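Here's a walk through one protein model, from the overall fold down to single residues. Have a look at it first, then read on.

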Amino acid sequence: MKKPELLKYIDAYRRVYDFSEIIPVSALKGENTQDILDTLYGYLPEGPYFFDEDTVTDQPMRQIAAELIREKALRNLEKEIPHGIAVVIEKMEYRKCGKGIYDIEATIICERDSHKGIIIGKGGAMLKKIGSLARPEIEDMLEAKVNLKLWVKVRKDWRDSDLLIKNFGYRKEDYPKA
């Protein structure tokens, strides 16, 4: 729609209702999208703080580390295996030496032996790649060096087990049955 035509519509609506603000927006072209956000924030009341100002999540660091590893696995295996993998942090200990190091041992859980081979890759190349991509983000999050060790285990049909889904830190609705 051309701008002159749009202005006629805006004017017609303005006459019917006394809007506080009218902001023409085109999400398709990315026009005025920031203006609409800034305007909305101006109308929202400030509420109470439920967390400290520097708190960015209510999830424990172990869960975030597991999700970072899982995300790297899914991105690199997207054409190879279905998304039915989970990551469990088996160990996460802080070793105080100099600036300190976190020793993290994590297991990638999959449902089939064939998936295990794909996740590990030839000579461990894929598993190494997943760890190499996840490590820097985990180090940034923890603000410390990380010694990351990854393993892969098969748990056949783990998504069918409410107990395993819960033990892996997920919710049943995150993993509907295939």
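A quick word on terms: contact here means heavy atoms within 4.5 Å. Helices (H or I, at least four residues) and strands (E, at least two) are DSSP runs, numbered from the N terminus.

What you have is a predicted model, where local features need pLDDT of at least 70, side-chain atom pairs count only at pLDDT 80 or more, and totals for chains, interfaces and linings use all residues. Residues are numbered from 1 along each chain as its sequence is written, and side-chain values use heavy atoms, with hydrogens and water left out.

**Overall build**

The protein has 6 helices and 3 strands, and along the sequence they come in the pattern α-α-α-β-β-α-α-β-α. Its radius of gyration is 24 Å, whereas a compact globule of 178 residues would sit near 16 Å. (That radius is taken over C-alpha atoms, and the globule rule is 2.2 Å times the number of residues to the power 0.38.) Along the principal axes, the C-alpha atoms fill a box of roughly 70 × 45 × 30 Å. Of the 178 residues, 28% count as buried; buried means under 20% relative accessible area, exposed over 50%, and partly exposed in between (1.4 Å probe, protein chains only). Take the contacts between residues at least 6 apart in sequence, and 53% of them join residues at least 24 apart.

**Helix α1**

Helix α1 covers residues 3-16, and its end C-alpha atoms are 20 Å apart, in agreement with the 20 Å that 14 residues should span at 1.5 Å a residue. (The expected span is 1.5 Å times one less than the number of residues.) The number of buried residues in α1 is 0, so this helix lies largely in the open.

Two packed helices are described by the angle between their axes and the distance between the axes. Axes are lines fitted to C-alpha atoms, for helices over the stretch in contact, and angles run from 0 to 180 degrees between N-to-C directions.

| Pair | Angle | Axis distance |
|---|---|---|
| α3 (residues 61-77) and α5 (residues 125-142) | about 145° | 9 Å |
| α4 (residues 113-120) and α5 | about 60° | 4 Å |

On the α3 side, the residues meeting α5 include M61, I64, L68 and K72, and the α5 partners include M126, K129, L133 and E137. This contact splits into 14 nonpolar, 1 polar and 3 charged residues. For the classes, Ala, Val, Leu, Ile, Met, Phe, Trp, Tyr, Cys and Pro count as nonpolar, Asp, Glu, Lys and Arg as charged, and the others, Gly among them, as polar.

Which residues of α4 meet α5? They are I118, I119 and I120, and they touch A125, M126, L127 and I130 in α5. Here the classes come to 7 nonpolar, no polar and no charged residues.

**I104**

I104 sits in strand β2 (residues 101-110) and counts as buried, at 0% relative accessibility. Its contacts, leaving out residues up to four places away in sequence, include I89, M92, I138, L142 and L148.

**Two loop residues with positive phi**

E143, in the loop between α5 and β3 (145-154), has phi near 55°, a positive value in a residue other than glycine. E143 is exposed, at 72% relative accessibility. D157, in the loop between β3 and α6 (162-167), also has a positive phi near 55°, and is partly exposed with a relative accessible area of 47%.
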